[in-house]
Amino acid sequence: MAITEPQTIVVFARNRPFFGAQVTMFAILWQLKQLYPQATLKVVVRAGAFAFLRQLPWVDHVIQADTFKDELAAIDASCSLMVSLHATSLKHCLLALLRRPAQRISYNGRFGLDWVWTQNCTQNVGLYRAEDHLALLRPLIPVDAYAVSCACLESLANAELRASLALERRLTIMPGAGEGEFKKWGIENFLAAAEQCLQQDLVDKVCFVLGPDEDKECERVKRWHLIDKAELLERPPLPDLCALVQASTLVLTNDCGPSHIAQGSNVPVVAIFDETKPEWFWKRPNAVCLIPEL
């Protein structure tokens, strides 16, 4: 059963700056705001790891905290619910002890300090990260993780653009991977797959989503002989990316940041990974993970 609505909720977010790592935190933040709509929701994170969290309309404040003192100051007297998404941090146990909000939620298994948390659960690295984060809220409310994620990302989308894009059958391709070439299936493979889909009349258009590290892929797409059937979205705003994904007939993607918008949305996904990564691939209906042979 949910507690009385807190005045302030403080969430200590993971500090990885990568887009995908941030996207997997969206759903738990959205669910907290749905559960306690009148509460002030604060997210505490280090510099460099808050770019997309600041774009979330349901987050009231994103606080940059680079020191222990900064993090401690973020838990003021109005905070009665603290959530830590850090699975192994002893520092956050100490923060919870020093401030002692009425409700303290995190993962367990930290050297006998589980008693610090009023609710806790075991981190499951075999679960997709967003689903594992949402498991922390199950003592407060029943959670259907996939339904929560879909609703969260639908609320972010540019609804007008989504309706317009949905008028055509669209294959969305995400061929990038900011962490390195080892994650990339290769633009030629993506172009061949796109050509097959067009030739078999499965889609009307192919949209390529390209980020800041995909200049080579962008230039190759521009020289594609089927460019008249293609669209390029370079560094799209978050609402436009959500709209495109949700209006797609299929998303074909590398293991990359934007793939997590697709994985958490109600859309068919084929994801190409270099190895099995259950923490970063959501095994859910209409989603397939492929690992090409070398």
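How are α1 and α5 oriented to each other: roughly parallel or roughly perpendicular?

Guide: This is a predicted model, in which local features need pLDDT of at least 70 and side-chain atom pairs count only at pLDDT 80 or more, while totals for chains, interfaces and linings use all residues. Residues are numbered from 1 along each chain as its sequence is written, and side-chain values use heavy atoms, with hydrogens and water left out.

The axes of helix α1 (residues 19-35) and helix α5 (residues 145-156) cross at roughly 90° and come within 9 Å. Axes here are lines fitted to C-alpha atoms, for helices over the stretch in contact, and angles run from 0 to 180 degrees between N-to-C directions. Helices (H or I, at least four residues) and strands (E, at least two) are DSSP runs, numbered from the N terminus. Angles of 65 to 115 degrees count as roughly perpendicular, under 35 as roughly parallel, over 145 as roughly antiparallel and the rest as oblique; α1 and α5 are therefore roughly perpendicular to each other.

On the α1 side, the meeting residues are F26, A27, W30 and Q31. From α5 they are V148, S149, A151, C152, L153, S155 and L156. This contact (heavy atoms within 4.5 Å) divides into 8 nonpolar residues, 3 polar and no charged. Ala, Val, Leu, Ile, Met, Phe, Trp, Tyr, Cys and Pro count as nonpolar, Asp, Glu, Lys and Arg as charged, and the others, Gly among them, as polar.

F26 also belongs to the largest nonpolar core, of 72 residues, where F26, L29, L53, W58 and I261 touch the most other members. Helix α1 gives the most to this core, with 11 residues. Such a core is a set of buried Ala, Val, Leu, Ile, Met, Phe, Trp, Tyr and Cys residues joined through side-chain atoms within 4.5 Å. Buried means under 20% relative accessible area, exposed over 50%, partly exposed in between (1.4 Å probe, protein chains only). Leaving aside neighbours within four places in sequence, L29 is in contact with V11, L41, V43, L53, L56, W58 and V59. Another core, of 19 residues, lies apart and includes L171, I173, F190 and L210.

T24 is a contact of R129, as are R14, E279 and W280, again leaving aside neighbours within four places in sequence. R129 lies in helix α4 (residues 129-134), and R129 counts as buried at 4% relative accessibility.
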